Amino acid sequence: MPTGYWNVPGQNAMAVEATIPILIVDDYKTMIRIVRNLLRQLGFEHIDEASDGTMALAKMHTRSYGLVISDWNLEPMTGYDLLQEVRKDPNLASTPFILVTAESKIENVIAAKNAHTLKSKIDAVLGAKEAAPRPAA
């Protein structure tokens, strides 16, 4: 299985499975394309998409995702509402989740396009999941 090793400043290299399925949730096709391309640059290949929170939740009930990256501003179910629904569902509650939102400042848009920024967020979310104690079965 392909594994990417990423160096996080101040930490040892962390292994992240590049084979994990990722769900991108955004109603803006261009943003989905940008995030998908960044994820591919980082070695991820199994990427699905949803245009709103309701569609994302339905997909999450049919496939187990290793990470969800969702826009905050969605209609009719916001990304935050989606996150709350995911955390309430015992079958989905442990899914790593990143909420993003568009910023109007040009410096933030440029920074958001940087794959290293996305990588550090993925490292933080997936690293926290690996470090957390697993509940007893």
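This is a predicted model: local features need pLDDT of at least 70, side-chain atom pairs count only at pLDDT 80 or more; totals for chains, interfaces and linings use all residues.
Residues are numbered from 1 along each chain as its sequence is written, and side-chain values use heavy atoms, leaving out hydrogens and water.

**View 1. The overall fold has 5 helices and 6 strands.** These are DSSP runs (helices: H or I, at least four residues; strands: E, at least two), numbered from the N terminus. Along the sequence they read β-β-β-α-β-α-β-α-β-α-α.

**View 2. The largest nonpolar core holds 17 residues.** Such a core joins buried (under 20% relative accessible area, 1.4 Å probe, protein chains only) Ala, Val, Leu, Ile, Met, Phe, Trp, Tyr and Cys residues through side-chain atoms within 4.5 Å. Ile22, Leu39, Phe44, Leu67, Ile69, Leu118 and Ile122 have the most contacts inside this core. Strand 3 (22-25), helix 1 (29-41), strand 5 (67-71) and helix 5 (115-131) each supply at least two of its residues. A second, separate core of 15 residues includes Ala56, Leu57, Leu74 and Leu83.

**View 3. Here are the neighbours of Ile22.** Leaving aside residues up to four places away in sequence, Ile22 touches (heavy atoms within 4.5 Å) Leu39, Phe44, His46, Ile47, Asp48, Tyr65, Leu67 and Ile69.

Notes. Buried means under 20% relative accessible area, exposed over 50%, partly exposed in between (1.4 Å probe, protein chains only).
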